[in-house]
Amino acid sequence: MPRPEAISITPRGLKTCDVAAYLGLSQTDFFRKRAAMEAAGFPRPDPITRRYDRRAIDAWLDRRSGLDPYSADEDAWMRRLDDGRSAA
């Protein structure tokens, strides 16, 4: 009987070494920059699992990159949205 295919699951909780790699940093650079990143809103690891939430990291990166419309001036974002509706 053939073996079932293994299911590949991307973990949502990341170990510190995986967070560093995810951010394109060495572990040393991540440890050096972590306090400043946390001061800027970078998520802390879960106190039970001691893992970082990949989605929380993505949300932080989105806010820092200006991709999250609610992180900036919400009124300006709503005006841009209304301007887009007017042009349609």
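**Helices, bridges and buried residues: a conversation**

Mentor: Welcome! The chain has 4 helices and 2 strands, where helices (H or I, at least four residues) and strands (E, at least two) are DSSP runs, numbered from the N terminus. This is a predicted model, in which local features need pLDDT of at least 70 and side-chain atom pairs count only at pLDDT 80 or more, while totals for chains, interfaces and linings use all residues. Residues are numbered from 1 along each chain as its sequence is written, and side-chain values use heavy atoms, with hydrogens and water left out.

Trainee: In what order do the elements of the chain run from the N terminus on?

Mentor: The order is β-α-α-β-α-α.

Trainee: Let's look at α3. How do you know that the distance between its end C-alpha atoms agrees with a helix of 12 residues?

Mentor: The expected span of a helix is 1.5 Å times one less than its number of residues. For α3, residues 54-65, that gives 16 Å, and the end C-alpha atoms are 16 Å apart, so the two agree.

Trainee: Which residues of α3 are buried?

Mentor: Arg54, Ile57 and Trp60 are buried in α3. Buried means under 20% relative accessible area, exposed over 50%, and partly exposed in between (1.4 Å probe, protein chains only).

Trainee: How do you know that the buried residues of α3 line one face of the helix?

Mentor: Looking down the axis of α3, the buried residues fall within an arc of 125 degrees, and therefore they line one face. The arc is taken from the directions from the helix axis to the C-beta atoms. As a general point, an α-helix has 3.6 residues a turn, so residues three or four places apart point the same way.

Trainee: And what covers the buried residues of α3?

Mentor: Their cover includes β1 (13-14), α1 (16-22), α2 (27-39) and β2 (52-53). Contact here means heavy atoms within 4.5 Å.

Trainee: What makes Asp53 a cap for α3?

Mentor: A side-chain oxygen of Asp53 lies 2.8 Å from the backbone nitrogen of Arg55, at the N-terminal end of α3. A polar contact is a pair of N or O atoms within 3.5 Å; within protein, one must be able to donate a hydrogen and the other to accept it, and residues adjacent in sequence count only if both atoms are side-chain atoms. Just after α3, Gly66 takes a positive phi of about 80 degrees.

Trainee: Why are Arg12 and Asp53 said to meet in a salt bridge?

Mentor: A salt bridge is a side-chain nitrogen of Lys or Arg within 4 Å of a carboxyl oxygen of Asp or Glu. For Arg12 and Asp53 the N to O distance is 2.9 Å. Arg12 lies in the segment before β1 and Asp53 in strand β2, so this pair ties together parts that are 41 residues apart in sequence.

Trainee: What about Glu38 and Arg44?

Mentor: Their side chains also meet in a salt bridge, at 3.2 Å from N to O. Glu38 is in helix α2.

Trainee: Why is Glu38 called buried?

Mentor: Because its relative accessibility is 18%, and the cut-off for buried is under 20%. Arg44, at 58%, counts as exposed.

Trainee: What makes the phi of Arg50 worth a look?

Mentor: Arg50 has a positive phi of about 60 degrees although it is not a glycine. Most residues other than glycine have a negative phi. Arg50 is found in the loop between α2 and β2, and it is exposed at 64% relative accessible area.

Trainee: Finally, how much of the chain is buried?

Mentor: Buried residues make up 15% of the 88 residues. The chain exposes about 7,100 Å², with carbon and sulfur atoms supplying 51% of it; accessible areas come from the Shrake-Rupley method with a 1.4 Å probe, and for residues only the protein chains shown count as cover.
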